[in-house]
Amino acid sequence: MTPPVRGWRATRLDLSEEHTFMLSQRHSETTLAAISTKRFLLLAGLVSILISVATWTLDLTQATYACPFCRVQRSAIGILGILILLLPYGNRFFLRYAAVAVATLGLGVGMMQNFNGGWLAMFKGTFKLHDPIWFDSTILSSCAIVIMSFQLGIIFEVSARQTLRTERA
């Protein structure tokens, strides 16, 4: 077991079987780091998969135009949602590795779409938002980037907490 970092003190409050709050205190400043429960992971994973399925439904019913960039991003969001659901049960190394691989592809495509669609048009002086603003590729790719970053943060936060709990046991 590794000694705690100097100046940090971790306190674990068991409120019930399902809820475990990890409080970290540094220099008498208490912060609630994150709630790492199976219920939160279930909610985050299901919302991610719902977003992916809803956007794929819009694409396959031809309610939106077929965009290969968007297809990669919505697939990455769905796969990361599945990985979030597997977090309490799977191998941490494999899940982190798969999450980084999928998120790198999705984030790279999202940033490329954002740069090619929005930033280049801004520098040329030809940027214009689409008439229904929710179909604008720059806004949609920015939302996909935020969602995938959030998912990756959840995966690494929960994996770090699982590692911390096994070291203390």
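I take contact to mean heavy atoms within 4.5 Å. With that set, I looked at the chain: among contacts between residues at least 6 apart in sequence, 60% join residues at least 24 apart.

**Ground rules.** This is a predicted model, in which local features need pLDDT of at least 70, side-chain atom pairs count only at pLDDT 80 or more, and totals for chains, interfaces and linings use all residues. Residues are numbered from 1 along each chain as its sequence is written, and side-chain values use heavy atoms, with hydrogens and water left out.

**Whole chain.** I looked up the secondary structure and found four helices and three strands. Helices (H or I, at least four residues) and strands (E, at least two) are DSSP runs, numbered from the N terminus. From that end the elements run β-β-β-α-α-α-α. Next I checked burial. Buried means under 20% relative accessible area, exposed over 50%, and partly exposed in between (1.4 Å probe, protein chains only). Of the 169 residues, 33% count as buried. The accessible surface of the chain comes to about 11000 Å², and carbon and sulfur atoms hold 69% of it. Accessible areas come from the Shrake-Rupley method with a 1.4 Å probe; for residues, only the protein chains shown count as cover.

**Helix α1.** I went to Asp59, which sits in helix α1 (residues 38-60). Is Asp59 buried or exposed? Its relative accessibility is 3%, so Asp59 counts as buried. Its side chain makes a polar contact of 2.6 Å with the side chain of Arg71. A polar contact is a pair of N or O atoms within 3.5 Å; within protein, one must be able to donate a hydrogen and the other to accept it, and residues adjacent in sequence count only if both atoms are side-chain atoms. Not counting residues up to four places away in sequence, Asp59 touches Thr64, Tyr65, Ala66, Arg71 and Arg74.

Ser52 is also in helix α1. I noted a relative accessible area of 7%, so Ser52 is buried. Leaving aside neighbours within four places in sequence, Ser52 is in contact with Arg74 and Gly78. The C-alpha atoms of Ser52 and Arg74 are 5.1 Å apart, although 22 residues separate the two along the chain.

Gln62 lies in the loop between α1 and α2. At a relative accessible area of 69%, Gln62 is exposed. I checked its backbone: phi is near 60°, a positive value in a residue other than glycine. Most residues other than glycine have a negative phi.

**Helix α2.** Gln73 is found in helix α2. It is buried, with a relative accessible area of 4%. Which side chain does the side chain of Gln73 meet in a polar contact? I found Gln113, at 2.6 Å. Contacts of Gln73 beyond four places in sequence include Gly106, Val109, Leu140 and Met148.

I then looked up the second largest pocket, with a volume of about 380 Å³. Of its 18 lining residues, Thr55, Cys70, Arg74, Trp134 and Leu140 are the closest to its centre. A pocket is an open set of points on a 1 Å grid over the protein atoms alone, where a 1.4 Å probe fits, with protein on both sides within 12 Å along at least five of seven lines; lining residues have an atom within 4 Å of a point. The volume is the space filled by probe spheres set on the points. α1, α2 (68-86) and α4 (137-168) each supply at least two lining residues. α4 gives the most, with five.
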